[in-house]
Amino acid sequence: MDNAQKHDFSKGSISRAIVRLAFPMALAQLINIAYNIVDRMYIGHTPDGRLAFTGMGLVLPIVMIIMGFANLCGSGGTPLASMARGRGDHRESGHILTTSFLMILALGVTLTVVFLALRQPLLYLLGADSETFVYAEQYISVYLLGTVMVMISFGMNPFINMQGFGRIGMMTVALGAVVNIALDPLFIFVFDMGVTGAALASVIAQTCSAVWVLRFLTGKKATVLLRLKDYVFKLETVGRIAALGVAGLVMFLTTSIVQIICNKTLLAWGGNLYVSVMSAIGAVREIAAVGMISITSSAVPVLSFNYGAKQYERIRRGIRFTTLAAIVAGVIPWVFIMVLPAVFIKIFNADPALLDAGVPAFRIYFSCSFFMAFQLTGQIVSQSLGRAKSAIFFSLLRKAILVAPLTLLLPRLWGLGTTGVFLAEPISNVVGGLSCYITMIFIAYIPLGRLARENQEVLS
């Protein structure tokens with residue numbers, strides 16, 4: 001049995017196929033978060049810990065934008081390549097993969113130049129003040145030098161998972177994590193480089209991950225290869241990838257915009273202490289979302305493959321399983337965060353003022369976090385089926401249409417102040433999540449049932 005047959009998602013249990021990809025992906029994300037937390041934990045316990053920790057948190061929107069453009073190529077190319085694989089067209093699948101890689105290179109170089117040139121005004125726009133600017137500037141100046149490698153690692157790894165090699169995809173992240181965790185204390189404490197050392201460790205780690213990805217995608221085990229030889233550029237392919245990937249880009253961009261709005265609003269209503277609280281929330285949010293994101297992301301290549309193979313009833317079963325599994329994966333961390341918020345805050349800094357402000361903020365912000373499962377499931381179904389417009393709408397709805405306006409409005413109502421900023425998230429989780437999911441039911445799940453019945457009638 002060759003690799004193409006071995007990783008045929010149209011055979012066997014569809015829930016098992018999703019789980020087989022989800023477990024290594026979840027482990028990879030946990031490892032990834034672990035080394036991000038190690039970065040912040042080490043920095044949070046340096047002499048200028050809280051300010052340095054806040055400075056690192058301020059650059060998150062820039063990092064998210066970089067990830068967003070990598071996701072444009074990865075989330076746009078992966079479903080298309082998987083559909084082509086489902087149809088048995090491996091040449092087209094490889095063409096999409098190679099085009100996505102070249103798009104990443106072009107975008108990576110462009111973003112490096114633009115952000116390095118504009119980093120000072122950008123950091124003040126993001127909420128930096130005279131105390132936190134120096135730490136944010138030190139970190140981002142080094143981090144940006146590794147933009148291309150970060151984007152290759154993040155944007156091309158989904159093409160490994162798309163082929164069914166979940167463990168290899170996990171190793172991409174694990175390699176970077178091990179390198180980063182090993183280098184962090186060396187650069188931060190032994191060489192006394194502070195946040196600059198943390199950024200340098202991240203760049204080296206992501207470079208190792210990028211090399212790993214490229215070696216696999218150009219090697220013998222891959223069923224779909226990255227091949228620059230004999231490559232023929234097609235603008236149409238770029239357009240298809242970009243159209244479908246815009247949803248992934250929008251998701252990251254809106255997250256960045258909301259982060260900027262939150263930081264600026266919190267700075268105005270509560271000072272940089274509350275920006276520190278939001279930095280801690282952002283780190284813990286990554287942990288809370290691991291299971292939901294892993295399940296839903298792993299469903300994309302499986303559902304896309306079956307869509308290409310016209311296995312519509314299998315897709316419906318996959319949607320039902322993904323929904324239930326994502327809800328369970330969201331509820332488990334929700335329980336721990338609601339019961340033990342102080343424990344999570346102390347990971348980064350044990351400042352009593354941070355704890356006093358952070359504990360109630362955590363409970364408000366995460367009160368409905370598991371409703372994200374509905375929004376993520378609705379979004380990935382549209383993405384998996386190549387429906388760019390609805391995927392973009394789902395990406396925009398929760399963050400841009402709900403969270404951003406609420407973050408600006410609620411602090412001014414009923415004396416809520418900073419509480420209003422943290423309250424915007426649970427409201428948007430419930431309203432946005434259910435709206436996305438119900439819409440998906442009508443535009444995808446029900447029509448897939450009709451297609452499945454038509455297929456059955458033809459066969460009978």
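Colleague: Why does Glu92 count as buried?

Modeller: Buried means under 20% relative accessible area, exposed over 50%, and partly exposed in between (1.4 Å probe, protein chains only). Glu92 has 17% relative accessibility, so Glu92 falls in the buried class. This is a predicted model, where local features need pLDDT of at least 70, side-chain atom pairs count only at pLDDT 80 or more, and totals for chains, interfaces and linings use all residues. Residues are numbered from 1 along each chain as its sequence is written, and side-chain values use heavy atoms, with hydrogens and water left out.

Colleague: What makes Arg240 and Glu92 a salt bridge?

Modeller: The rule asks for a side-chain nitrogen of Lys or Arg within 4 Å of a carboxyl oxygen of Asp or Glu. Between Arg240 and Glu92 the N to O distance is 3.1 Å, so the pair qualifies. Arg240 is in helix α10 (residues 235-270) and Glu92 in helix α5, so the bridge ties together parts 148 residues apart in sequence. Helices here are DSSP runs (H or I, at least four residues), numbered from the N terminus. Arg240 has a relative accessible area of 31%, so Arg240 is partly exposed.

Colleague: How many salt bridges does this rule give?

Modeller: The count is three. Another one joins the side chains of Arg119 and Glu137, at 3.1 Å from N to O. Arg119 sits in helix α5 and Glu137 in helix α6 (residues 133-143), 18 residues apart. Arg119, at 26%, is partly exposed, and Glu137, at 23%, is partly exposed as well. Arg316 and Glu313 also pair, at 3.3 Å from N to O. Both lie in helix α12 (residues 312-339), three residues apart, about one turn of the helix.

Colleague: Is Arg316 buried or exposed?

Modeller: Its relative accessible area is 15%, so Arg316 is buried. Glu313 has 32% and is therefore partly exposed.

Colleague: At what angle do α5 and α7 pack?

Modeller: Helix α5 (residues 90-125) and helix α7 (residues 147-162) pack at about 160°, with axes 8 Å apart. That makes the two roughly antiparallel, a term used for angles over 145 degrees.

Colleague: Which residues of α7 meet α5?

Modeller: Thr147, Val148, Met151, Ile152, Gly155, Met156, Phe159 and Met162 do, and their partners in α5 include Ser93, Leu97 and Phe101. By class, the contact has 13 nonpolar, six polar and no charged residues. Contact means heavy atoms within 4.5 Å. Gly counts as polar, and Asp, Glu, Lys and Arg as charged.

How values were computed: Axes fitted to C-alpha atoms, helices over the stretch in contact; angles between N-to-C directions. Parallel < 35°, antiparallel > 145°, perpendicular 65-115°, else oblique.
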